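Me: Hi! Could you walk me through this one while I have it open?

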Amino acid sequence: MTLQLLRAQDRSPTPWKNGGGVTREIAVFPPGAGLNTFDWRVSMASVSAGGPFSIFPGVDRVLAVLEGELTLRFEGGSTTRLSPATAPAAFPGDVPVEAETPPGPVSDLNVMTRRGAVRADVTHLDFEGGSVVGPAWRTLILALDGGLRVGEGGTVQQLDRFDAVLVEQAAGEPLRLEAAGPGSAYRINFHRVERPTD
């Protein structure tokens, strides 16, 4: 098991194509992959205006709002309202979606996986003191509060707000999350999709 620390301060902002916000990549697999070649990608975005989402053929998405409120309108008429208190929204990346103009600044967490190659489980964790997280093929922990410690064995990483840890080949020992007081984080477990064989 290896732990890779991903500091929030090291993420470079990239403007959206429609100018409605900026995105900051947290991690991508394979490392260095572009938008057309990733198996999975995790990013945070700052949303300042409404508009259509980019279309990603063959990609599944999970969106969680970290700050503010956002309303998504899907092709066909369905609507989903997201806030830090709601569950993340999962939807296909090739379905047209439009975000309504938010009432204030919005920060969101965006998880994208290549359909048929990888799937992701995105879970909001609230804990006080300590919590144990089971292993997966790849696990990313995004701290929503400062003072979070993530460790396995003798390796412990201290996380500030919106820092992350990527755990590679997390098979075997579980991860332990610790905080001096109440803490919260997002856990993203990535699983390889088994392709049928002839």
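Me: Which strand gives the largest share of the lining of the largest cavity?

Reply: Strand 17 does, with three residues. Strands here are DSSP runs (E, at least two residues), numbered from the N terminus. A cavity, on a 1 Å grid over the protein atoms alone, is a set of points where a 1.4 Å probe fits but cannot get out, and lining residues have an atom within 4 Å of a point.

Me: Before I go on, what kind of model is this?

Reply: This is a predicted model: local features need pLDDT of at least 70, side-chain atom pairs count only at pLDDT 80 or more, and totals for chains, interfaces and linings use all residues. Residues are numbered from 1 along each chain as its sequence is written, and side-chain values use heavy atoms, with hydrogens and water left out.

Me: Thanks. Back to that cavity: what volume does it have, and which residues line it?

Reply: The largest cavity has a volume of about 30 Å³, meaning the space filled by probe spheres set on the grid points, which are joined across faces, edges and corners. Its lining is made of Phe127, Asp145, Gly146, Leu148, Ala179, Gly183 and Ser184.

Me: What about the largest pocket, how much space lies in it?

Reply: About 600 Å³. A pocket is an open set of points with protein on both sides within 12 Å along at least five of seven lines. The largest pocket is lined by 27 residues, and Trp16, Leu35, Arg41, Ser54 and Phe56 are the closest to its centre. Strands 2 (13-15), 3, 4, 6 and 11 each give two or more residues to that lining, and the largest share, four residues, comes from strand 11.

Me: Switching topic: how many residues are in the largest nonpolar core?

Reply: It has 25 residues, and those with the most contacts inside it are Ile26, Trp40, Val42, Leu109, Leu140 and Leu142. A nonpolar core is a set of buried Ala, Val, Leu, Ile, Met, Phe, Trp, Tyr and Cys residues joined through side-chain atoms within 4.5 Å. Apart from it lies another core of 15 residues, including Leu3, Ala143, Val165 and Leu177.

Me: Is Trp40 buried or exposed?

Reply: Trp40 is buried, with a relative accessible area of 1%. The cut-offs are under 20% for buried and over 50% for exposed, with partly exposed in between (1.4 Å probe, protein chains only). Not counting residues up to four places away in sequence, Trp40 touches Met112, Thr113, Leu166 and Phe190, among others; contact means heavy atoms within 4.5 Å.

Me: Why is the pair of Phe29 and Trp40 stacked?

Reply: Their ring centres are 6.2 Å apart and their planes are at 10°, so the pair counts as stacked. Rings of Phe, Tyr and Trp (its six-membered ring) pair if their centres lie within 6.5 Å; planes under 30 degrees apart are stacked, over 60 edge-to-face and the rest tilted. Phe29 sits in strand 3 and Trp40 in strand 4, eleven residues apart. Phe29 is buried too, at 16% relative accessibility.

Me: Which residues do ring pairs link into a cluster?

Reply: Phe29, Trp40, Trp137 and Phe190.

Me: And which ring does the charged end of Arg114 sit over?

Reply: The ring of Phe38, 4.5 Å from its centre. The rule asks for NZ of Lys or CZ of Arg within 6 Å of the ring centre and within 35 degrees of the ring normal.

Me: Last one: where is Thr113?

Reply: Thr113 is in strand 11 and is buried at 5% relative accessibility. Its C-alpha atom is separated by 24 Å from that of Val150, 37 residues apart along the chain.
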